[in-house]
Every structure is written in structure tokens, then in C-alpha cells.
Amino acid sequence: MKILLPPSEGKTPAETGPPLDFESLSAPELNPSRKRVLTALKSVSKRRDALAQLGVGASLAADVERNTVLDTMPCAPALLTYSGVLYEAMGAAELVSRAAADTTLEERLRQVHVFSALFGRVHGLDLIPAYRLAMKTDLGRLGRLTSFWKPILAKSPELAPAEVALDCRSSDYRSAWPGPHDQVITMGAVTVSGGKRRVVSHWAKFYRGEFAGRLLSDARALPASTDELVARAEENYEVEFTPHTKSKPAVLTIVLPG
């Protein structure tokens with residue numbers, strides 16, 4: 001089983017660590033494309049209109065300036081570099097710390113794949129720097145990064161035959177690699193009050209992270225089938241499951257009281 005995560009907008013720069021080493025990253029077939037994006041990002045980040053080009057405000061000027069030296073900055077595991085609601089709910093920092101002495105957990109964290117505008121995708125323990133770049137960004141000659149990465153990721157196998165994936169990504173990152181509809185299970189959350197249903201994006205992030213953390217921390221093996229994944233979710237949440245169709249993946253929905 002794989003767990004597919006979005007990156008966070010905010011990232012935590014490593015205080016110490018080795019510089020970026022493309023050859024050490026998983027999915028080495030993506031390295032030529034990763035280097036192209038890094039070169040373009042460094043160039044755009046040096047421009048006077050860099051903030052506008054990257055779609056960020058003045059408060060993030062330091063992050064954009066950091067983009068110009070990403071290849072010399074200290075790197076940390078992806079699960080420590082990304083931050084925010086999902087990663088906090090997941091207990092990412094504790095998982096990485098425990099994995100240093102737990103080979104089973106270490107292997108599980110390599111089954112966590114974070115989709116990235118800069119790297120295409122990395123696994124949870126890949127060493128990366130803190131960068132500022134969104135998948136919806138247009139990087140000039142490379143164009144919109146969703147469109148840039150989509151054909152490249154399509155040629156880079158993510159799932160083994162019959163393997164399932166819990167997809168916790170947002171729409172931009174899902175568009176870059178939708179995956180086989182019969183193997184991917186997306187996850188969301190809704191509230192129900194007075195017979196009315198409402199999608200809740202913030203709490204969806206929280207529960208996606210919490211459920212992923214529970215799966216990774218569990219003494220049992222990761223689920224090997226859709227039925228097993230749904231059953232594990234039912235242990236802690238009220239859930240609804242919608243099977244996949246020819247045009248859409250399956251959906252696992254956590255139902256929250258209104």
C-alpha cells in the first residue's frame with residue numbers, strides 16, 4: 001500500500017544536514033526533470049517580479065530568496081520539511097524519530113509519497129530543502145507545473161499491480177498524477193447537520209493526516225486491499241465508501257457531526 005500526500009505551502013528549513021543530492025532521491029528517473037524545474041525556479045526567484053511570478057506576497061520574500069540557493073541549503077527528510085495541519089495530525093516528526101530505530105516503520109515511511117512541484121514526488125525519508133513553489137505556478141518555458149509533470153509522472157510507475165493507495169492529496173497534485181481509478185482511494189470529510197452535508201477542507205486535512213499516522217503507527221501491516229483499508233477507517237471514524245467508476249477513483253469519506 002502507498003499513502004499519497006500533498007506538500008504543505010509552508011516548509012521548515014533544516015538547521016543542519018547535507019546539501020541537496022539528486023542521486024540520493026527516490027525515483028531517479030525524475031532527476032532530469034527535477035533539475036530543469038530547479039534551474040527555472042532559481043532563475044524566476046532572482047527576478048524583480050519574482051513574488052508576482054510565484055504568486056506569493058511580500059511576507060514570503062525570504063522564502064523566495066531562499067529558492068536561489070536551494071542546491072546548497074541543508075536538507076532534511078521530506079516528512080520533517082513539510083509542515084501544517086496534515087503533517088501535525090500525522091505526527092510526522094515523531095514517526096521520523098521512531099523510524100531511526102525501527103526498520104519496519106522506516107520501510108513504511110518510504111511508502112509515503114509526497115507530490116511536489118519541484119521534485120515531482122519524493123518519499124517520506126528523501127532529503128530535501130525547504131522551497132517555495134506551488135504546482136499551479138507557471139514557470140515560463142516549462143509552463144504550468146501541473147501540465148509539465150503530468151506526462152512525466154505518468155511514465156514513472158507509482159503502484160504495483162493490485163496495490164492500493166490512500167490518496168490524501170489536493171486537486172492540483174492529484175491532477176499531476178491521477179493514478180489508476182481502480183487502485184486509488186481518495187479521502188475527504190463532510191459534516192452532516194439537519195440533513196445537509198457540507199465538505200470541510202480544513203478538517204479533511206486533519207483527518208487525512210490523523211488516519212495516515214494511525215496506519216503507519218499500527219503494529220499491523222498496512223492494508224493490502226480496499227476492503228481492509230475501509231475496515232481500518234471504520235475502527236475510528238464514521239465513514240462512507242463510494243466505489244470507483246470508469247472515470248473516478250473510489251472515495252472514503254469521514255462523516256463528522258454538524
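This is a predicted model: local features need pLDDT of at least 70, side-chain atom pairs count only at pLDDT 80 or more; totals for chains, interfaces and linings use all residues.
Residues are numbered from 1 along each chain as its sequence is written, and side-chain values use heavy atoms, with hydrogens and water left out.

**View 1. Leu38 in helix 1.** Leu38 belongs to helix 1, residues 31-45 (helices, H or I, of at least four residues and strands, E, of at least two are DSSP runs numbered from the N terminus). Leu38 counts as buried because its relative accessibility is 7% (buried means under 20% relative accessible area and exposed over 50%, with partly exposed in between, for a 1.4 Å probe and protein chains only). Leaving aside residues up to four places away in sequence, Leu38 touches Leu20, Phe22, Leu70, Asp71 and Leu118 (contact means heavy atoms within 4.5 Å).

View 2. Buried residues of helix 8 (residues 145-154) are Leu145, Thr146, Phe148, Trp149 and Leu153. Down the helix axis, these buried residues fall within an arc of 155°, so they line one face of helix 8 (the arc is that of the directions from the helix axis to the C-beta atoms). The face turned away from the buried side carries the exposed residues Ser147 and Ala154.

**View 3. The cover over helix 8.** The buried residues of helix 8 are covered by elements including helix 1, strand 3 (112-116), strand 4 (120-123) and helix 9.
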